[in-house]
Amino acid sequence: IKHGRISMLGFLGQIVTRYGVRLPGDIDFSGTSFESIPNGWAAVQAIPESGLLQMLAFVGFLEGFVMLDSANGAEPGEFVGDLR
């Protein structure tokens with residue numbers, strides 16, 4: 001379930017950025033603006049390495065400690081409060 005939702009967010013992010021919507025300001029302290037980051041896979045090479053490492057560490061933390069398969073003592077794969 002969670003990977004499907006992440007895929008939908010990624011797809012929506014592609015649509016929004018290709019439409020031209022960007023965050024205001026800079027992505028780092030050296031002055032690289034969000035608008036200078038290209039679309040698609042080219043963005044991975046344009047983002048500073050420290051930023052990519054931060055994103056990787058944050059997602060790893062979420063996967064390892066927050067988004068567990070068995071939340072609140074439920075059986076694995078059973079998500080309490082999920083609409084079915």
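**Figure 1. Who lines the largest pocket, by class.** Ala, Val, Leu, Ile, Met, Phe, Trp, Tyr, Cys and Pro count as nonpolar, Asp, Glu, Lys and Arg as charged, and everything else, Gly among them, as polar. On that basis, 19 nonpolar, 6 polar and 3 charged residues make up the lining of the largest pocket. Keep in mind that this is a predicted model: local features need pLDDT of at least 70, side-chain atom pairs count only at pLDDT 80 or more, and totals for chains, interfaces and linings use all residues. Residues are numbered from 1 along each chain as its sequence is written, and side-chain values use heavy atoms, leaving out hydrogens and water.

**Figure 2. The centre of the largest pocket.** Of the 28 lining residues, Leu-9, Gly-10, Gly-13, Ile-47 and Met-55 sit nearest the centre. The space inside comes to about 1100 Å³.

**Figure 3. Helices around the largest pocket.** H1 (2-19), H2 (42-46) and H3 (49-66) each put at least two residues into the lining. H1 gives the largest share, with 8 residues. The protein has 3 helices and 0 strands (DSSP runs, H or I of at least four residues for helices, E of at least two for strands, numbered from the N terminus).

**Figure 4. The second largest pocket.** Here the volume is about 200 Å³. Its lining includes Ile-27, Asp-28 and Phe-29, along with Ile-47, Pro-48, Ser-50, Gly-51, Gln-54 and Met-55. Sorted by class, that gives 5 nonpolar, 3 polar and 1 charged residues.

Notes:
1 Å grid on protein atoms, 1.4 Å probe; cavity = no way out; pocket = protein on both sides within 12 Å on 5 of 7 lines; lining within 4 Å. Points joined across faces, edges and corners; volume = space filled by probe spheres on them.
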